[in-house]
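User: I would like to go through a protein model by question and answer. Please show it and begin with one residue.

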Amino acid sequence: MKTASLLRALAVLFWLALAVTLVMALLPRPPVAALGLNDKLQHMAAFAVLSLLAWLAFPRQRLSVLFLTLAAIGGLIEILQMIPALHRDADVKDWIADCLAIAAVLGLCGGLRWIWGRGARQSAP
């Protein structure tokens, strides 16, 4: 598969994952809640996946931009959960969990990018 096609497929996966995350976060009774999973773990898992997909789909984007964008999305979700008709509870701790997951994944990705970059420079004649 060509690089451009792969990046397009990864971008589609990112946008689909983001759409699922938004729907699940704004449904009055999301089906995942029935599984009894810890709310913070759900937030961290969702934003860890989003972070990895964003890093893969947009490899030229600075990690700080990815972090700020994803953190803003997490914050927006919490603000939207304040809408009474949604019957959801906003919690700043959820946003903090989102940000911790984003930072952890992007930190690991940045480390990989640095290691791979060093290897490429060392193997150059």
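Analyst: Trp95 is partly exposed, because its relative accessible area is 35% and the class covers values between buried (under 20%) and exposed (over 50%), with a 1.4 Å probe and protein chains only as cover. This is a predicted model, in which local features need pLDDT of at least 70, side-chain atom pairs count only at pLDDT 80 or more, and totals for chains, interfaces and linings use all residues. Residues are numbered from 1 along each chain as its sequence is written, and side-chain values use heavy atoms, with hydrogens and water left out.

User: In which helix is Trp95 found?

Analyst: Helices are DSSP runs of H or I with at least four residues, and strands are runs of E with at least two, numbered from the N terminus. Trp95 falls within residues 92-123, which form helix α4.

User: What is the area of the nonpolar surface patch made by Val92, Trp95, Ile96 and Leu100?

Analyst: Patch residues have over 30% relative accessible area and no salt bridge; like charges are joined within 9 Å, and nonpolar side chains (Val, Leu, Ile, Met, Phe, Trp, Tyr) within 5 Å. A salt bridge is a side-chain nitrogen of Lys or Arg within 4 Å of a carboxyl oxygen of Asp or Glu. Areas come from the Shrake-Rupley method with a 1.4 Å probe, and for residues only the protein chains shown count as cover. For Val92, Trp95, Ile96 and Leu100, the patch comes to about 380 Å².

User: How many helices and strands does the chain have?

Analyst: From the N terminus on, the elements run α-α-α-α. The count is four helices and zero strands.

User: Is Trp15 buried or exposed?

Analyst: Trp15 lies in helix α1, residues 3-26. Its C-alpha is 9.0 Å from that of Ala54, a residue 39 places away in sequence. Because its relative accessibility is 51%, Trp15 counts as exposed.

User: Which residues does Thr21 touch, not counting residues up to four places away in sequence?

Analyst: Thr21 is also found in helix α1, and with a relative accessible area of 14% it is buried. Contact means heavy atoms within 4.5 Å. On that basis, Thr21 touches Ala46, Phe47, Leu50 and Ile77.

User: What is the phi of His87?

Analyst: His87 sits in the loop between α3 (63-80) and α4. It is exposed, with a relative accessible area of 64%. Its phi is positive, in a residue other than glycine, and is near 55°.
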